[in-house]
Amino acid sequence: MEMIHLILIIFLGGAVLTYFAGKVNDILRDALFILSILVPAILFFTNVNPESYIDLSIAGFNMKWGITHFGWIFSLIVLGLGVIVSFYAVSFMKGRDKVGSFYFNFILSIGAMLGILLSQDFVSFFIFWEIMTWSSYLMVVYNGNQVQKIGIKYFVFSAVGAYAMLMAIVITHSITGSFLITDLIAVFPQLSNQMHILIPILFLIGFGVKSAMMPLHVWAPGAYSNTPMAYTSVFSGALSKMGVYGMVLIMITLISHIPEGHWFREVIAWMGAFTAVLGTLWAVAQDDAKKLLAYSSVAQLGYIITGVAIGTELAMLSALFLSILHALFKGTLFMAVGAIEKQTGTSNFTEVSGLIRKMPWTFLASLMAIIALAGIPPLGGFVGKWMLYESLINSNHYILVIMIFFSSTAAFLYCYKFLFGFFLGQEEKEWAHVKEAPALMVVPMIILAAGTFILGAYPGLILSPIDAGMQAIGFEATQGHYWEMSVILNQWGDQVVLQPIVYAIFAIFLFFFLFLFFKSRKNTRYVTTKDISSSGEVPLEHENLTFSQNFFQPFLRAVEPVMRRQIDKYYNEFGRGLEAIFDFGRRIYTGNGQTYAIYVIIFVIILLFFKNNLFG
Amino acid sequence: MDNSLQYLEIGFYGSAIILILVGLYGALMKKSLIKIVIGLSIIDAGLHLLMISIGYIKNGTAPIFSGEDFVVAGNMVDPVVQALVLTAIVIGFGVTAVALSLVIRLYRHHGTLKIDEIKNLKW
Amino acid sequence: MVGSPVLFIAIPLLAAFIIPLLGMIWKESVRILPGLVLVYLLTLSINLLGYVLDNGPIIEIIAGWTPPWGINLVFSAFSGFLVTLMLFLGLLVWIYSYRFKRNVDFEPAKKYFILLMMLITGSVGIVLTGDIFNQFVFIEIVGISAYALTAFYTGRDSAEASFKYLIMGSLSAGFLLLAIVILYSQLGTLNMADIARNIHTVKPVYKITALIFFIVGLGIEAEMFPLNGWAPDVYSQAPGPVGAAFAGIVVKSGVYAIIRIVYTIFDIEGAFDFLVIIGLITLLFAETAAIKQIRMKRMLAYSSIGQMGLVLVAFGIGTEAGVFAALFLMFNHAIIKSLLFYAGSYLVFNSKEKYINDVSGLGKSMPITSFLFALGAFAIVGLPPFAGFWSKLYFLIAAADSGMIMIIALILIVSIVEIVYYFRVVNKIYFSKKEAHVVPQRPTFNALFSMIVLGLIVIIIGFFPDLITGILHDASRDLMDKTDYINNVLSITH
Amino acid sequence: MEPILYKVFGAVVTIILAFVVGMTYMGLSRKITARVQNRVGPPVYQNFLDALKLISKKTAIHHGIMQMMGPAFFMVTSIGSLMFIPVLNDGRFFSNLNFEGDLVFLLYLMVFGPLGMALGAGQTGNPNSAIGVTRGLSQMVGFEIPWVMALVALMIQYDTTSIVGLMEAQSASGTWLVFSSPFAFIAAVLAMLGMFRYSPFDIVGAPTELASGPVAENGGKYLFTMMSSNSIFAFVKLTLYVDLFLGGADNLIELLIKTFAIYLIPMLYGLVSPRYRTEQAVRYFWGWPLFFGFLAIMYAVVF
Amino acid sequence: MMNDKNSQKIVDIIQNYARLHSLFVLAYGTGCGAIEIPPTMTSRYDAERFGIRGAATPRQADVLLITGYLTTKTLKRVIRVYEQMQDPKYVIGFGSCTINGGMYWDSYNTIKVLDKYLPVDVYINGCMPRPEAVIAGFVKLQSLIREGKAEGAKLYKDNLEQYRENQKKVIPNWVMPEYNW
């Protein structure tokens, strides 16, 4: 048996077995759950060689499975994040009901994502895509609140995307007679103009939905925030990257071969930038951490999409680097929110505050992730952002630079809100009992957060596989010095040397911190956050002095004209209008048997009347 | 062609069509269930008449072979349509019977025979 | 060759008459006998199908009259496949309704099984016969037994539904008769093959008028818009298994009849386009009506109508790939819709109004039924790795190869509507609070068995579609080859 | 490659220079403000006294670890960004790390400080601090945009993102960027008004309304660290402006003159301005400064 | 080294020099005296030339300026503010009311002698004291600091129980964190 088959079968069988093991024994179930992600991951990284394929045929469709160097980058995200989060999930799900179905969907979606990366033909690509979609859908509705709204919205948008993709696939097949991705890429330049536009647009819709691109993003906030946080890490970190993967693989390779490609790139890049800006603004306005992170994910994917669309070497490097990094820090943050929610029972900033002393490790992980998210050196986020800016400037997209920078700056607002809302501020008595999350939850967070740090100092670790992957999809090999040292360089030869920066900054930082801390520890004591200067008043225990309502109200007032127009509303109106039309349409079934009989006669008369048009 | 026979033929077809139209009127316009059933039966009757008329040949003999009386095949009326009509009549009878039993059920259930008032199931 | 196609008609018809007699002796026999009959017929049809696939179609002549004069039965790959499918579904209906409720009285059971046998007789007859008037007779048999089965429960509005069905059915029967008369008056024959051979000699006016009357006459059974007003009422009022039988058996025979008429008998190209158009309209109206339904079975009914519209579109493509896709769609629809009806009827079993809301939160108390319903929902909207996906894919490929891009887009949009209403129900089942007044009804063992069989088929075909594609290819090739059909039938001598 | 000790020594001298200059400028600003208000004002070295006092004051309490880390973050940022700024043209002694970073890097490094301060302020639990922080961050989003636009315009004009590169370009062409791309300068200067947080953009730490905002809970060493970081940071910003727009400085005297000239702009503007509310401030930055920013970019693209 | 007396003395001198030239004043505007603070700080009298400037919060302040009478109600806040200030810290009693109650000598809800409750380093008498007097008071405080005699905070720490006793006499609902610098 081929290793790829084995891996996929372990995923599938593991999912089913884990589900049924839950009926027998909880520990067995947990162990099976971790194993059925861990084992395939190990098998995959040890035994599957990139660029070696197997052919098989199902139902008359020729399929080709195997991983490209390019897909390998994403498999790193999927499996890496999957394995780490699976440990977290065991602890997160302890004591909840329907754990079995959670594990089932978890394993299945990880397997499906790997399947997407493995499939080199459209049929299996689509199959895995849909499995991924419905398994993640079942996660979205897992909690059972607002399923009819959020769940259906997610699935409808996913279906729109998937069907657009399916349409492109069948059109492709009708033209090329083949489902292999390489065949489409080979044939594409010779197609008609109409197809040059139609096929990329359809694929764009398909992948744009999953990667939450601007007009198609409305499902994301609800879906991300409604999913159990253990899965949202994967959802936002890995699953949305499948859209990016597809976009790079198909969009960029396709449209780089056609004359109209330039315009496509522009449009997508602009959409990505708008996604980033609006996503950020909306994130700033949220009071719920899950929603905030969800919008933030939308915005971050906006950067990635922009990078992908620009499509120069550096831009692509940055997009892929950011993809990996986004998986790291957003995984951490969602896990942190999950830990907080598990410990306190809420994820709302207006309710929780001052957890820093209760959950210091969670705070540390969040802090590092936030710094990475904000793109502040020395953590990895900066490297990605830097490459993005450089590539945008080098490719003359000046306005996009401004937009991305704006969104990146405005991101500080919600970054601060996240840290302040949960960890800083008043320590209320209500949360005095809160304890640090179990080690099984904290350690994965710390591992991921440490990953952002390592990538900040040594981006070369990940940039070299990325470069190999990019060569696989037709980019030229980048010069070696991108990663030999941790120097990053733009096309003008301006450079940023990372290691000395990191060391220097940390040396200074440590010095000052130690200076302040040890110098004053002898005669410094901790006072509670009630002990503040508030006009001489002594705030009592029950008096809540936390500032968390209308947090960025002045800023939001300033950007109010932009925020007022919600795409969501238009979609809702559209949906409601459609349903009204549908409702009108079904009134044709009046319920009166005689009317139906009259329909028969009318039908006959119409047919007879138009018989020459119809049958002539 | 004999005039009277032509008129007869027109009479056959005409009355068949008139019957069908009358039946349609009854089935589509009348509000009473019973009348609708009657209308359907009249349509059936019209159709049967139409079929018979198609098989009719002037001066034809009955398509019956009995004993040694050998009849020229070309001169007998089409036996097939007659067989069809017989079958159709039987079927029509069955349908009418089911329809009438349903009417009884409907009347018991709804207390009315007006089809306008029997529309619990709609949309 | 192990048996004759005529047995498919004779045995169940006979069984229908024997059941009451046998019931006088041994009451349990009214339930067991149909099962035996169906098992026998199913094995027979599978055997015959195997034979047919190797050796070409079996033409059975009734009463020694050779075509074109006598009635003949044609058991080809196409019709044989459909017959096998119908009998299989019939068997499942029997298993399912063997003990639908925990205690069923003798009298209703007797009537029920008599009517079911007649229904299967008629449906199988429609598919097998090679004579248009014979087909008319079978349609009427199906009709009468269907009216009666619809009105089976006296407590509901079933008589109303049945009466609507009856009005439309009789009217359409009239048109069917007219169509037969027209053809007969022009060609003097009732044999399909003979008509097909000589149809080009008929004047277009007659030909087209006859086709129209055929379409109207058969469209009722095939749930074609706007002739499908009866369907939602009937599905919602008939007993659960009967709904499944309608969707799986009756409608299939109706579609078969139309397809036979369009593909084999007539040579009018416009009919294919007409099928596409009318299929699309059917699909559109049905799916959009389904989304606003508040009653479970009406929703399933509209969905069923929509699926038949899709099948008609697939047949309207007119290529072999299209026929293949259509057959696959029919197969999947039969399997999945039966599963949905089976599971759905138990979900709303104790609810008087059969509201969709009443299924809320039943995922806990009825885990297997709920799971199977969800499975069916996932499959019918075409999610891989379930059976429905492959048929949809084949259909889209066939349509795309014929250049119907806008139609693909339309159908995919409608599919999204379908997703919405099915997923709403699934969400309700699993993720909503239980309605206080609903008493969950655990399915009986036999019902569960039939559901699980269907569920397994859905999954197995989803993973291994190759199991079914071979025979579908043969069947579609068989339907496409018109001259072969004519030659096969007309070359028969004693 | 110079020996590492030479580098370290240079860095220490740079830091001390920045501290002294920054503190002196702040003292000067107090003096000038006093003179403008027809007062005598404190001595120029007043800020050093303040700093000395603050460091000698007891810091007996803390509200948690972030309160200590916040000022430390700020200091790291100030010193860190100082390291990447070329203080003098061709000044090897002051060169530090400035060949190893670029403008984008600096931009991001420079926002780390406010964020760190904000975290420190958040830990104290004083609602006034948090309110001040939200105002500050909002304003930051406001002024960063024209500032970045100005920088992008410069980058386009000379095809480099390196500060050293820009300085070399200026000395090669012989004209300062303030003349060769005036709109960028205008946009940058308008952004600078917000950056220095003088009036009218001083609502962040409104003393009576917010009890001095983010620093409300910080006295003693915390305040000292912030104050000194602030003065170093001021020096960083001024030097950056000088490097970018005024062709850098060849010696320290020139540096002092140029930086002070730049420093006068926000200070004097502040003296005659009332205070903006936050949203007014944000909208202010998205008005004319943004317009000039666009103009600058267009100018850079066209020429 | 640091324990060496001489070097400690030098450090003290430097520190005291810095302290006395950099007085951050928290003006607790309790009474009518607050009206005299603005002229003191602004152009006419310009206290900033002595390094005196306002502080917004007690955490940053060196001098607590009690401007006028203190009611029993505000006393608690004033004590709280004083206790929140960091060492070294000084109190200036401003106006007659802080000395002996002034014109409120027989008021039922005004405290008469501030020194009973907080250790006052410098009194400025007058009703109202003019800005010149205020500045004179500050200069006095500066000279006290220079001489190392402004030891109010130490006094307060040493005699905390006595002060507490006095404070609790006038403040019935005593809810206050412990003072343990």
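1. Strand pairing in chain C. In this predicted model, E60(C) stands opposite L73(C), a residue of strand β2(C). The two strands concerned are β1 (residues 58-61) and β2 of chain C, which pair in the antiparallel sense over four bridges. In a regular strand the side chains alternate between the two faces of the sheet. Strand β2 (residues 72-75) of chain C is covered on both faces. N72(C) and V74(C) lie on one side, L73(C) and F75(C) lie on the other, and all of these residues are buried.

2. Helix α15 of chain C runs over residues 367-380 and has 14 residues. From its first C-alpha to its last, α15(C) reaches 20 Å, close to the 20 Å expected at 1.5 Å a residue. Eleven of the 14 residues of α15(C) are buried, so this helix is largely enclosed by the rest of the structure. Among the buried residues are T369(C), S370(C), L372(C) and F373(C); G376(C), F378(C) and I380(C) are also included.

3. What surrounds α15(C). The buried residues of α15(C) pack against elements of two chains. From chain A comes α5 (122-140). From chain C come α13 (320-347), α14 (362-365), α16 (387-401), α17 (405-431) and α18 (445-463).

4. The overall form of chain A. Chain A contains 24 helices and five strands. Its C-alpha atoms fill a box of roughly 100 × 65 × 55 Å along the principal axes. Is the radius of gyration of chain A in agreement or disagreement with that of a compact globule? For 616 residues, such a globule would have a radius of gyration near 25 Å; chain A has 26 Å, which agrees. Buried residues make up 61% of the 616 residues in chain A. Of the contacts in chain A with a separation of 6 or more, 79% are between residues 24 or more positions apart.

5. One residue of chain A in detail. G111(A) belongs to helix α4 (residues 99-118) of chain A. G111(A) and N572(A), by contrast, are 461 residues apart in sequence and 33 Å apart in space, C-alpha to C-alpha.

6. The contact between chains A and D. Which chains share the most contacts, of the six pairs of chains in contact? They are chains A and D. This contact takes 68 residues from chain D and 61 residues from chain A. On the side of chain D that touches chain A, the elements that give two or more residues are β1 (61-62), α3 (65-83), α4 (103-123), α5 (127-158), α10 (220-245) and α12 (278-285) of chain D. The largest share of that side, 17 residues, comes from α5(D). The residues of the side of chain D that touches chain A comprise 38 nonpolar, 19 polar and eleven charged.

7. Strands that join chains A and D. Strand β5 (residues 525-526) of chain A pairs with β1(D) in the parallel sense, over two bridges. Within β1(D), I61(D) is the bridge partner of R525(A).

8. Other chain relationships. Chain E brings 19 residues into contact with 27 residues of chain D. Helix α1 (residues 5-20) of chain E gives the most to the side of chain E that touches chain D, with three residues. The residues of this side of chain E divide into four nonpolar, nine polar and six charged. Chain C does not touch chain D, and their nearest C-alpha atoms are 40 Å apart. Nor does chain C touch chain E; there the nearest C-alpha atoms are 49 Å apart.

9. Confidence. The model scores ipTM 0.88 and pTM 0.90. In chain D the mean pLDDT is 83, and 95% of the residues reach 70 or more. Confidence in chain D is lowest in helix α9 (residues 207-210), at a mean of 74. It is highest in helix α13 (residues 288-302) of chain D, at 88. Where pLDDT is low, the predicted coordinates should not be read in detail.

Technical notes
Residues are numbered from 1 along each chain as its sequence is written. Chains are lettered from A and ligands numbered from 1 in the order in which they are written. This is a predicted model: local features need pLDDT of at least 70, side-chain atom pairs count only at pLDDT 80 or more; totals for chains, interfaces and linings use all residues. Two residues are in contact if their C-beta atoms, placed from the backbone, lie within 7 Å. Ala, Val, Leu, Ile, Met, Phe, Trp, Tyr, Cys and Pro count as nonpolar, Asp, Glu, Lys and Arg as charged, and the others, Gly among them, as polar. The expected span of a helix is 1.5 Å times one less than its number of residues. A residue is buried if 20 or more other C-beta atoms lie within 10 Å of its own, exposed if 12 or fewer, and partly exposed in between; C-beta atoms are placed from the backbone. pLDDT is the predictor's confidence in each residue, from 0 to 100. The radius of gyration is taken over C-alpha atoms; the globule rule is 2.2 Å times the number of residues to the power 0.38. Two strands pair if DSSP finds at least two bridges between them.
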